[in-house]
Amino acid sequence: MLDFKHRTFNATDLLYFIAFFRHHYTHHDSLEDAFLRSDPELSPIAPGSPNLAAFYPYFFSLEDAPPRTRKHIASPEKNSSCKRLNMFLRWMVRKDDQGVDFGIWKKISPSALICPLDVHVARVARRFGLLTRTTTDWLAALELTDHLRTFDKDDPVKYDFALFGLGVMEKF
């Protein structure tokens with residue numbers, strides 16, 4: 001196992017992730033609780049959104065967290081769009097009939113989710129006038145989600161799959 005490597009993720013990273021999950025699940029029944037932590041010292045991320053900014057320091061709160069592993073977890077505090085975390089939250093919170101989203105977490109509302117934003121989604125969103133920000137960052141993810149809320153305030157992220165598909169499959 002110590003020679004494990006996938007792209008930039010190596011055995012050091014894997015061992016820390018395992019240690020964190022062991023620690024977390026010793027105190028909590030679900031990983032959902034890790035996204036419901038709040039830290040009054042952090043600026044609000046988005047009204048009602050899972051607190052991704054508090055997740056990052058919590059994830060790296062174990063003693064001797066490897067500095068190299070920090071690159072594998074995004075944070076709005078670093079102005080990342082947090083695409084992977086937002087995608088994971090979408091899968092776990094939203095429930096659909098297409099088998100894309102599992103909807104097994106119930107404490108976070110779909111209305112609180114932020115649209116997973118990458119270059120494909122951003123390109124299509126700009127083309128449709130849903131996104132004016134030129135940088136694909138956290139503020140752009142919030143801007144896009146705010147526009148999507150005008151279509152469906154209870155489930156704005158349901159449009160992510162269509163935007164992504166237009167960008168990747170159709171090269172829109």
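**Aromatic pairs, a buried helix and a pocket**

Biologist: Where do F21 and Y25 lie?

Modeller: Both are in helix α1, four residues apart, or about one turn of the helix. The model is a predicted one.

Biologist: Why does that spacing matter for the direction of two residues on a helix?

Modeller: An α-helix has 3.6 residues a turn, so residues three or four places apart point the same way.

Biologist: What makes F9 and F17 an aromatic pair, and why is the pair called edge-to-face?

Modeller: A pair of aromatic rings is described by the distance of the centres and the angle of the planes. For F9 and F17 the centres are 5.1 Å apart, and the limit for a pair is within 6.5 Å. The planes stand at 80°, and over 60 degrees counts as edge-to-face. Therefore the pair of F9 and F17 takes that name.

Biologist: Why is the pair of F21 and Y25 called tilted?

Modeller: The ring centres of F21 and Y25 are 6.5 Å apart and the planes meet at 40°. Planes under 30 degrees apart would be stacked and those over 60 edge-to-face, so at 40° the pair is tilted. By this rule the count of aromatic pairs comes to 19.

Biologist: Are F9 and F17 buried or exposed, and how do you know?

Modeller: Buried means under 20% relative accessible area. F9 has 18%, so F9 counts as buried. F17 has 15%, so F17 is buried too.

Biologist: What makes α2 largely enclosed by the rest of the structure?

Modeller: Seven of the eight residues of α2 are buried, which means that the helix is largely enclosed. The buried ones are L52, A53, A54, F55, Y56, Y58 and F59. These residues pack against α1, α3 and α5 (138-149).

Biologist: Which helices each supply at least two residues of the lining of the largest pocket?

Modeller: They are α1 (11-27), α2 (52-59) and α3 (83-93). The largest share, six residues, comes from α3.

Biologist: How much space lies in the largest pocket, and which residues are closest to its centre?

Modeller: The space is about 750 Å³. Of the 24 lining residues, H72, I73, A74, R84 and L85 are the closest to the centre. By class, the lining has 14 nonpolar, four polar and six charged residues.

Key. Residues are numbered from 1 along each chain as its sequence is written. This is a predicted model: local features need pLDDT of at least 70, side-chain atom pairs count only at pLDDT 80 or more; totals for chains, interfaces and linings use all residues. Side-chain values use heavy atoms; hydrogens and water are left out. On a 1 Å grid over the protein atoms alone, a cavity is a set of points where a 1.4 Å probe fits but cannot get out, and a pocket is an open set with protein on both sides within 12 Å along at least five of seven lines; lining residues have an atom within 4 Å of a point. Grid points are joined across faces, edges and corners, and a volume is the space filled by probe spheres set on the points. Ala, Val, Leu, Ile, Met, Phe, Trp, Tyr, Cys and Pro count as nonpolar, Asp, Glu, Lys and Arg as charged, and the others, Gly among them, as polar. Rings of Phe, Tyr and Trp (its six-membered ring) pair if their centres lie within 6.5 Å; planes under 30 degrees apart count as stacked, over 60 as edge-to-face and the rest as tilted. Buried means under 20% relative accessible area, exposed over 50%, partly exposed in between (1.4 Å probe, protein chains only). Contact means heavy atoms within 4.5 Å.
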